[in-house]
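I opened this notebook to record what I looked up in one structure. The entries follow in the order in which I made them.

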Amino acid sequence: MKTRKYISLLLCLLLLAGLLAGCGSTSKMEYSSENAAPAAMEAADAGSASLTEEGSAGSSVLPENRKWIITVNVSAETEDLDALTAALEEKIAALQGYVEDQRVYNGSTYSSRRYRSAYLTIRVPAEDVDSFTDAVSGLANVVSKETNREDVTLSYVATESRMNALQTEETRLLELMAQAETMADLLEIEARLTDVRYELESVTSRLRLYDNQIDYATIYLDIEEVQEYTPVEEPTVWERISGGFRNSLTGVKDGAVDLVVWIIASSPYLVLLALAGWLLAVLVRRARKRRSRGKQDTEKKPQ
């Protein structure tokens, strides 16, 4: 009984030491930012911050000693989708990035125009995100760009501190397991060790996910294949009139082409419909003639 009480007391002390180790690690990491720039200190006081830019042309300088998750949304136009995707793949490979997801749509089969589009999820090193977006601007017509920078420093430090505390507790539990004298004590320590290892695995996976999101920026690229780029500047009244007239002519031309294509493609069905209509007209005409003859025969009979 005394040994069991001794083991229980050691477990309580172990839990208390783990909590103190976690708090100490957090304090150490937080106070290590005292030598950072004033902007970094303001971000630390604000906690987990998020910076968003829309349509900005240049790159922004982020405070050091912080953990940032960068996400960029880009909408672009191109006249040749295949050439653009090939150039983007070459640029991504040069930056040692990768395409996480890619979807290409070839448009409607009922139209003479292809209306192709592509949606890509791209991962590039965070330090090269501005270089990549500048390359996209040089290869295509960028319609819109939105950049989001999320400060996850406090969450990262808390997760890292929890991982260190769990690792310390795991080591001490293994030491206690070697010193256990009864089966009850051994089972109690093993149960706690199982819980610690399960939580440690979860925290470690979360930290690895953070590292991946911090080291590699995520770029969501939406590409549309067009025949004419969207104008960047606001057009004048005359440009709007002439552009609308050209668009109308293009629409009439495309509509006529689509109509001819539809007629030719549907000609077997149209021939069958024409034959059915002709047979129906013949039957109706014969029925009318029979009805007319019946009336004449009735009128000729003597009353």
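Entry 1: I began with arginine 116, which counts as buried because its relative accessibility is 5%, under the 20% limit. I noted that the model is a predicted one. I then looked up the partner of this side chain: arginine 116 meets glutamate 225 in a salt bridge, with 3.0 Å from N to O. The two residues come from distant parts of the chain, 109 residues apart. Arginine 116 sits in the loop between β3 (98-105) and β4, and glutamate 225 in strand β6. Glutamate 225 is likewise buried, at a relative accessible area of 17%.

**Entry 2: the second pair.** I turned to glutamate 169 and arginine 192, whose closest N and O atoms are 2.7 Å apart in a salt bridge. Glutamate 169 belongs to helix α5 (residues 153-179) and arginine 192 to helix α6 (residues 183-215), so the bridge ties together parts 23 residues apart in sequence.

**Entry 3: the third pair.** I searched the whole structure and found eight salt bridges. One of them joins aspartate 151 to arginine 66, with 2.9 Å between the closest N and O atoms. Aspartate 151 is in strand β5 and arginine 66 in the loop between β1 (50-54) and β2, 85 residues apart. Both residues are buried.

**Entry 4: helix α4.** I listed the buried residues of helix α4 (residues 129-139): Val129, Phe132, Thr133, Ala135 and Val136. Viewed down the axis of α4, they fall within an arc of 155° and therefore line one face of the helix. Their cover includes β2 (68-78), α3 (81-94), β4 (117-125), β5 (141-151) and β6 (216-225).

**Entry 5: a nonpolar surface patch.** I found a nonpolar patch on the surface formed by Leu259, Trp262, Ile263, Leu270 and Leu273, with about 510 Å² of accessible area together. The elements that give two or more residues to the patch are α7 (237-265) and α8 (267-300). Helix α7 contributes the largest share, three residues. Isoleucine 263, in helix α7, is partly exposed, with a relative accessible area of 39%.

**Entry 6: confidence.** Over residues 20-48 the pLDDT is below 50. This stretch has 26 contacts in the model beyond near neighbours in sequence.

Technical notes: Residues are numbered from 1 along each chain as its sequence is written. This is a predicted model: local features need pLDDT of at least 70, side-chain atom pairs count only at pLDDT 80 or more; totals for chains, interfaces and linings use all residues. Side-chain values use heavy atoms; hydrogens and water are left out. Patches are made of residues with over 30% relative accessible area and no salt bridge: like charges are joined within 9 Å, nonpolar side chains (Val, Leu, Ile, Met, Phe, Trp, Tyr) within 5 Å. Accessible areas come from the Shrake-Rupley method with a 1.4 Å probe; for residues, only the protein chains shown count as cover. A salt bridge is a side-chain nitrogen of Lys or Arg within 4 Å of a carboxyl oxygen of Asp or Glu. Helices (H or I, at least four residues) and strands (E, at least two) are DSSP runs, numbered from the N terminus. Buried means under 20% relative accessible area, exposed over 50%, partly exposed in between (1.4 Å probe, protein chains only). The arc is that of the directions from the helix axis to the C-beta atoms. Contact means heavy atoms within 4.5 Å. pLDDT is the predictor's confidence in each residue, from 0 to 100.
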